[in-house]
Amino acid sequence: MTGSALIEVCEIFGPTIQGEGALLGLPPVFVRPGGCDYRCRWCDTPYAVDPAYPHERTAMSATEIFAEVRHLSGDRPLTVSLSGGNPALQPLEGLIALGRAAGYRFALETQGSVARPWFAQLEVLVLSPKPPSSGMDCDREALAAAIEAAGGAAVSLKFVVHDDDDYLFAREVAACFPRLPVCLQPCNDKPRLPGRRGEVDLERLRRLIAKTLSDGWYEARVLPQLHVLLWGNERGR
Ligand code: SF4
């Protein structure tokens, strides 16, 4: 355990409902570490990625972070959602060990570009390989290594889908891991328009549902980002 290593943190908030992926609707406390090895075109958390927002990050010890999690959760062990940025870049094993000792559970979402041995200490690992519209290349070997590292954690795949190429990418990657649950999520690129709050692109959601059904991909769940539907991309939600 490296409990003394400092972790770059952008924000800690909650409990609030999980708006996407495998824990949709459950009320975790969120810990959002800073830093990402990707630069997706439609990233909705640039403050957690771009060093141009350095004031957004605080170096905290695992003990300090966990004290804030306990405070926010009223000392009731719940799920801690590790989001990003890419949280796999940060030394989170000490935080996970502290939390687990107190009965907390940990879920982490990452694009799967970096595998860590401590993934096996997670309850839930959501891997969100980035599709062509992100402008990034998915490293499939790294993705497979992340799945392998997760050991007994519940692993699922989540794909953001902007267009047909993204859909085909999701189909292809999911076919490589047929035992993993799959969630498809329409890309919300409207936040990039000046002066607009984030909002779910309902037309794209409808098209994605229609495509998935006509394609007979009945194993995939199609979900909008619930928090964006409710509150736009407001931070702390
Ligand atoms: Fe943003 Fe996630 Fe892409 Fe990183 S991987 S740039 S956090 S969308």
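Guide: Setting aside residues up to four places away in sequence, Asn86 is in contact with Gly35, Cys36, Asp37, Thr110, Gln111, Ser113 and Val114. Contact here means heavy atoms within 4.5 Å. The model is predicted, so local features need pLDDT of at least 70 and side-chain atom pairs pLDDT 80 or more, while totals for chains, interfaces and linings use all residues. Residues are numbered from 1 along each chain as its sequence is written, and side-chain values use heavy atoms, without hydrogens and water.

Visitor: Is Asn86 buried or exposed, and how do you know?

Guide: Its relative accessible area is 0%. Buried means under 20%, exposed over 50%, and partly exposed in between, with a 1.4 Å probe and protein chains only. Asn86 is therefore buried. Its place is the loop between strand S4 (79-82) and helix H2 (93-101); helices (H or I, at least four residues) and strands (E, at least two) are DSSP runs, numbered from the N terminus.

Visitor: What joins the side chains of Ser83 and Arg32?

Guide: A polar contact of 3.4 Å joins them. The term denotes a pair of N or O atoms within 3.5 Å; within protein, one must be able to donate a hydrogen and the other to accept it, and residues adjacent in sequence count only if both atoms are side-chain atoms.

Visitor: How are Val182 and Arg221 classed by accessibility?

Guide: Val182, in strand S8 (residues 182-186), has 8% relative accessibility and therefore counts as buried. Arg221, in strand S9 (residues 220-222), has a relative accessible area of 41%, so this residue is partly exposed. The contacts of Arg221 beyond four places in sequence are Gly21, Ala22, Val182, Cys183 and Leu184. Between the C-alpha atoms of Arg221 and Ala22, 199 residues apart along the chain, the separation is 9.9 Å.

Visitor: Which residues of helix H3 are buried?

Guide: In H3 (residues 140-149), the buried residues are Ala142, Leu143, Ala146, Ile147 and Ala149.

Visitor: How do you know on which side of H3 they lie?

Guide: They cover an arc of only 165° around the axis, which means that they are on the same side of H3. The arc is that of the directions from the helix axis to the C-beta atoms. The face turned away from this buried side carries the exposed residues Glu141 and Glu148. Strand S6 (124-127), strand S7 (154-161) and H4 are among the elements that cover the buried residues.

Visitor: What caps the N-terminal end of H3?

Guide: Asp139 does, with a side-chain oxygen 3.1 Å from the backbone nitrogen of Glu141.

Visitor: Which residues touch the most other members of the largest nonpolar core?

Guide: They are Leu82, Phe159 and Leu184, in a core of 49 residues. Helix H4 (residues 164-176) supplies the largest share, five residues. Another core, of seven residues, lies apart from it and includes Trp42, Val49, Val160 and Cys187. A nonpolar core is a set of buried Ala, Val, Leu, Ile, Met, Phe, Trp, Tyr and Cys residues joined through side-chain atoms within 4.5 Å. In soluble globular proteins, nonpolar side chains tend to be buried together.
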